[in-house]
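Have the structure open and try each task before reading on.

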Amino acid sequence: MKALLAGESWVNAATDYKGYDAFPHAQVEIGCAVLLEALRGAGHEVTHLQSHDVAEHFPSTLEELGAYDVVLLSDIGSNSLLLPPVVFAQGRPAPNRLKLLAEWVRGGGALAMAGGYLSFQGFQGRANYHRTAVEDVLPVRISPYDDRVETPEGIGGRLAGVAHPITDGLDAEWPILLGYQRLEAREDATVLATIEDSPLLAVRQVGEGRTLAFASDISPHWAPREFMDWEGYAVLFDRAVRWLAGDLPAADESAA
């Protein structure tokens, strides 16, 4: 499958003060290295569009989106999609890429969102996907407020008891997570896993396309070693991509 992973990177800037002298330095941090390795190891062709490149290089036409089977948004706020340089710097119109994604999904595309400080509504509401076209096609409703739930003590997810090819054979109890987004499942969504009675993993058929929401992170800090070293981690996200792309049935057809 051909997948586009947008986000899940950041620039870390700091200044070290040593007596009279200061030493500023910066570096790009990649949060999705483990996920990229897992997906590529499963045979997927994954393009990682780093967060600082999203505004300029995220697809702006249905044809450009059509180059991919699946788009995954992870820890990238809606502003980065809504404000390409031609709009923000030059004051010229450009396609609304949130509406474009929704149109692409309804026509047969596949969209996933993973949790994080700039996912769903996010830290102080800054991700700001509430009442957008992307929210309309996701399996969940998004709060208008900061939707984070920090669980530093570690809370494990659990299967919801629904037969589905994404979760078939996975452990009923999942390793700990250190936080998640509190989301509300839509009536036509299927919740596959929960955390503290809130949806952790949910899927939905939207028109000719499919969508998925994972309410926690794919990398630290919410995804600790216990979750990322879990043998089900690679299986879960490999199957998620394949189900979204239509390589797995809509539901577990063997369960009746």
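A residue counts as buried when its relative accessible area is under 20%. Keep in mind that this model is predicted.

**Exercise 1.** Classify Trp230 as buried or exposed, then do likewise for Phe227.

*Solution.* Start with Trp230: its relative accessibility is 9%. The cut-off for buried is under 20%, so Trp230 is buried. Next, Phe227 has a relative accessible area of 0% and is therefore buried.

**Exercise 2.** Which kind of aromatic pair do Phe227 and Trp230 form?

*Solution.* A search of the whole structure gives eight aromatic pairs. In the pair of Phe227 and Trp230, the centres are 5.6 Å apart and the planes make an angle of 40°, which is classed as tilted.

**Exercise 3.** Now work out the geometry of the pair Tyr233 and Phe237.

*Solution.* Take the distance of the ring centres, 5.1 Å, and then the angle of the planes, 65°. Angles over 60 degrees count as edge-to-face, so this pair is edge-to-face. Tyr233 is buried at 2% relative accessibility, and Phe237 is buried at 9%.

**Exercise 4.** Over which rings do Arg148 and Arg210 lie?

*Solution.* The charged end of Arg148 is over the Tyr117 ring, 4.8 Å from its centre. Arg210 lies over the face of Trp243, 4.7 Å from the ring centre.

How values were computed. Residues are numbered from 1 along each chain as its sequence is written. This is a predicted model: local features need pLDDT of at least 70, side-chain atom pairs count only at pLDDT 80 or more; totals for chains, interfaces and linings use all residues. Side-chain values use heavy atoms; hydrogens and water are left out. Rings of Phe, Tyr and Trp (its six-membered ring) pair if their centres lie within 6.5 Å; planes under 30 degrees apart count as stacked, over 60 as edge-to-face and the rest as tilted. Buried means under 20% relative accessible area, exposed over 50%, partly exposed in between (1.4 Å probe, protein chains only). A charge sits over a ring if NZ of Lys or CZ of Arg is within 6 Å of the ring centre and within 35 degrees of the ring normal.
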